[in-house]
Amino acid sequence: MPELPEAQSNLGRVREGALNRTVRAITLGETSHVDLPSEAERDRLVGHRFTETRRHGKTLFVGSASGPWLAIHLGMTGSLRVYDEGDAPDYARLTVEFEGDRRLAFRCPRKLGSVELVEDPETYVAEQGYGPDALDIDEDSFADTIGTSDGALKSALMDQKKLAGLGNLWSDETLFQSGHDPEAAGSDLTDGQLSDLHATMRAVLQGVLDTGANYEDLPGTWLIHRREDGAQCPRCPGTIRKRQVGGRSAHACDQHQG
Ligand SMILES: [Zn+2]
């Protein structure tokens, strides 16, 4: 499931291939169970040029200073594809046709993503109640938010209203690398542990961003390569165990995260 770094990689493709081109039409593919802009909303974008991209947590924005913007949630399996006419991806739910051959498609095989038309990203983020972006949140705000949470650390890290951007994969990796039990309470952590957790989370996210979200390029000591119940921990003699935490599956070492 796309999280902050994967969302950022998708946005990179838009920046490289789909900005500063005039929108000729926006067409829909098979749309059942996917929220997409209405015909009137799509018509508002005809003649516009997208000149900017933004990201907050896992939400992507493509638009221009004067708006409107497309707010894109990738869901479980969504992605953005930039291509030239004739090379369309399958499962395209929404396609922006630019003048000439260039196209931007929102591809979503499992139909859990969405695209909305919004006036500006800041208002939208506030209305959704999202916390600060996980790469922007400073150490003090992180400590205030996570350090006052009595629930499981993993659930707190994944709560988009506390901080936006982490999902299952990178919350597990952050806890694995910082050596915390996913079920430990944030309120039990010391100031030093919260500071370390914040730094580790940033390093994990930045590390994935630096590879363009190509997981095979991540260090062999990362959990990502051993996310399997019974796998040997790459950091200690322990074993990776899968369990449920807050309704989500967590992978954690039974020794160094105990
Ligand atoms: Zn271990």
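User: How are the donor residues of the zinc ion spaced in sequence?

Analyst: This is a predicted model, and in it the spacing reads C-x2-C-x16-C-x2-H. The protein donors are Cys-233 (SG), Cys-236 (SG), Cys-253 (SG) and His-256 (ND1), at 2.1 to 2.3 Å from the zinc ion.

User: Which parts of the chain do Cys-236 and Cys-253 come from, and are they buried or exposed?

Analyst: Cys-236 sits in the loop between α7 and β9, while Cys-253 belongs to strand β10 (residues 248-253); the pair links distant parts of the chain, 17 residues apart. Both Cys-236 and Cys-253 are buried.

User: What is the geometry of the zinc site?

Analyst: The angles among the donor atoms decide that. For four donors to count as tetrahedral, all angles must lie between 85 and 135 degrees. Here the angles among the four donor atoms are 99 to 119°, and the site is tetrahedral.

User: Next, aromatic pairs. How many does a search of the whole structure find?

Analyst: The search finds four aromatic pairs. In one of them, Phe-61 and Tyr-124 have ring centres 5.8 Å apart and planes at 80°, so this pair is edge-to-face. Phe-61 is in strand β3 (residues 59-63) and Tyr-124 in helix α3, 63 residues apart, and the pair links distant parts of the chain. Phe-61 and Tyr-124 are both buried.

User: How are the rings of Trp-170 and Trp-222 arranged?

Analyst: Their centres lie 6.3 Å apart and their planes are at 75°, so this pair is edge-to-face. Trp-170 lies in helix α6 (residues 168-178) and Trp-222 in the loop between α7 (191-210) and β9 (240-245), so the pair ties together parts that are 52 residues apart in sequence. Trp-170 counts as buried because its relative accessibility is 0%; Trp-222 counts as buried at 7%. Trp-170 and Trp-222 form one aromatic cluster with Tyr-215.

User: How should I read burial along a helix such as α6?

Analyst: An α-helix has 3.6 residues a turn, so residues three or four places apart point the same way. In α6, 11 of the 11 residues are buried, so this helix is largely enclosed by the rest of the structure. Among the buried residues are Asn-168, Asp-172, Glu-173 and Phe-176. The buried residues of α6 pack against α1 (4-17), α5 (153-158), α7, β9 and β10.

User: Which residues lie on each face of strand β4?

Analyst: In a regular strand the side chains alternate between the two faces of the sheet. In β4 (residues 69-73), Trp-69, Ala-71 and His-73 are on one side and Leu-70 and Ile-72 on the other, and both faces are covered. Five of the five residues of β4 are buried.

User: Which strands does β4 pair with, and how many bridges join them?

Analyst: β3 and β4 run antiparallel and are joined by four bridges, with Leu-70 in β4 as the bridge partner of Val-62. β4 also pairs with strand β8 (residues 114-118), in the antiparallel sense, over five bridges. Trp-69 stands opposite Val-118 in β8.

User: What should I look for in the hairpin turns?

Analyst: Look at phi of the glycines. The hairpin of β3 and β4 has five residues between the strands, and Gly-67 in its turn has a positive phi of about 70°. In the hairpin of β2 and β3, there are two residues between the strands, and Gly-57 takes a positive phi near 60°. Five bridges join β2 (residues 52-56) to β3, and these strands run antiparallel. The bridge partner of His-56 is Thr-59 in β3.

User: How is the protein divided into domains?

Analyst: Domain 1 covers 4-128 and domain 2 covers 139-253. Their centres, taken over C-alpha atoms, are separated by 30 Å. Nine residues from domain 1 and 13 residues from domain 2 take part in the contact.

User: Is Ala-126 buried or exposed?

Analyst: Ala-126, found in helix α3 (residues 121-128), counts as exposed because its relative accessibility is 58%.

Key: Residues are numbered from 1 along each chain as its sequence is written. Side-chain values use heavy atoms; hydrogens and water are left out. Buried means under 20% relative accessible area, exposed over 50%, partly exposed in between (1.4 Å probe, protein chains only). Rings of Phe, Tyr and Trp (its six-membered ring) pair if their centres lie within 6.5 Å; planes under 30 degrees apart count as stacked, over 60 as edge-to-face and the rest as tilted. Two strands pair if DSSP finds at least two bridges between them. Donors are N, O and S atoms within 2.8 Å of the metal (3.2 Å for Na, K and Ca); water is not among the atoms, so sites may look incomplete. Four donors count as tetrahedral if all angles lie between 85 and 135 degrees; four count as square planar and six as octahedral if opposite donors are over 155 degrees apart and all others between 65 and 115; anything else is irregular. Domain bounds come from an automatic or database domain assignment. Contact means heavy atoms within 4.5 Å.
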